[in-house]
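Please take a moment with the sequence and the model that follow, and keep both in view while reading.

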Amino acid sequence: MYSLTYIKPDSIDKAASLLAESDEHKVVSGGMTLLPTLKQRLARVEKLIGLEDCGLNNIALNSGILTIGAMASHYDVSHSADINAKNPALVELASHIGDRQVRNRGTIGGSLANNDPSACYPAAVMALKGTILTTKREIEAEEFFVDLFETCLEEDEIIKSVSLLIPEAAAYEKFPNPASRYAMVGVFVAKFPSEIRVAVTGAGENGVYRCSEIEHALSNSFSADSLSDITLSAEGLMSDIHAEADYRAHLIVEMARRAVNKASSR
Ligand SMILES: Cc1cc2nc3c(=O)[nH]c(=O)nc-3n(C[C@H](O)[C@H](O)[C@H](O)COP(=O)(O)OP(=O)(O)OC[C@H]3O[C@@H](n4cnc5c(N)ncnc54)[C@H](O)[C@@H]3O)c2cc1C
């Protein structure tokens, strides 16, 4: 790791000003991704701006919208009674991220900003019509996630919170990589009064995406059986050391079936 200065501002405005001072400045939340990158000298920063004291930990429920502060850890989400009461799928998702250390340190803001193609939260945020509130604007999920490890965030923009709609029913199922627990394929299914939204992580060559074939089938009938005849094309899906694209195509349907069963049983 190259030497650097660590600063912990006590407000989000100060953090944003420090970040805007130089391209060599970066914010750190849980550090679960950024610190290993710095340790391996894959990245270099002059100033690291810690967001712990910026008051971004709130979890709030207002008029059918759940707002989660960017610094809420996976542990916070997995232990929130408010979230569990309105959307237990999110609690379950957070409680299966990585291991205890990752869940204690890793944050929802860091996860969204990092947009790892195998991360779990991007699927939830896409399926739950998420809106990301930053120091500059509000961004719809569909616009926010751009490509693998790429979002539409500007260099000097910080995520403050994410707002999610409360579904009638929802569930997340992932086929975890046995070593890291990241999703080899993860599917978040959300049922709203007027639409079904299904988002897939871990599989798309361009990162998280909505699967229209499965959404269409579930709109006709919200049951696992309605997915029995679906065979997805492997085109546009990743092949890597963990799984070939056609296997991922199979897993998407299977994870969706399991998610629908779980959502229906709640
Ligand atoms: C062993 C291991 C297993 C894991 N397993 C899973 C898993 O199963 N599922 C899963 O979803 N994830 C998994 N993760 C990822 C983990 O959950 C963290 O969410 C992820 O590392 C990023 O969150 P962080 O708070 O640690 O971000 P950091 O490491 O602090 O930051 C990551 C990046 O985001 C930027 N950033 C951080 N916060 C903000 C913000 N508020 N606004 C703008 N930019 C910001 C940083 O500058 C940096 O570029 C795993 C990680 C590890 C190390």
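Which residues gather in a patch of negative charge on the surface? They are Asp23, Glu24, Glu46 and Glu155. This is a predicted model, in which local features need pLDDT of at least 70 and side-chain atom pairs count only at pLDDT 80 or more, while totals for chains, interfaces and linings use all residues. Residues are numbered from 1 along each chain as its sequence is written, and side-chain values use heavy atoms, with hydrogens and water left out.

A patch is made of residues with over 30% relative accessible area and no salt bridge, where like charges are joined within 9 Å and nonpolar side chains (Val, Leu, Ile, Met, Phe, Trp, Tyr) within 5 Å. Asp and Glu count as negative, and the place of a charge is taken as CG of Asp or CD of Glu. With 37% relative accessibility, Glu24 counts as partly exposed, a class that lies between buried (under 20% relative accessible area) and exposed (over 50%), found with a 1.4 Å probe and protein chains only.

On a wider view, an automatic or database assignment divides the chain into domain 1 (5-50), domain 2 (59-165) and domain 3 (169-265). The centres of domain 1 and domain 3, taken over C-alpha atoms, are separated by 34 Å.

Opposite charges can also be paired, and a salt bridge is a side-chain nitrogen of Lys or Arg within 4 Å of a carboxyl oxygen of Asp or Glu. The count by this rule comes to 19 salt bridges. In one of them, Asp10 meets Lys14 at 2.7 Å, N to O, and Lys14 is partly exposed at 45%.

Another salt bridge joins Arg137 and Glu157, whose closest N and O atoms are 2.7 Å apart. Arg137 lies in the loop between strand E6 (131-134) and strand E7 (138-140), and Glu157 in the loop between strand E9 (150-151) and strand E10 (159-165), so the pair ties together parts that are 20 residues apart in sequence. Arg137 is partly exposed at 26%, whereas Glu157 is buried at 5%.

Finally, Glu215 forms a salt bridge with Arg210, with 2.8 Å between the closest N and O atoms. Glu215 is buried at 9% relative accessibility, while Arg210 is partly exposed at 27%.

How values were computed: Areas by Shrake-Rupley, 256 points an atom, 1.4 Å probe, with all protein chains shown as cover. Helix = DSSP H or I, 4+ residues; strand = E, 2+ residues; numbered from the N terminus.
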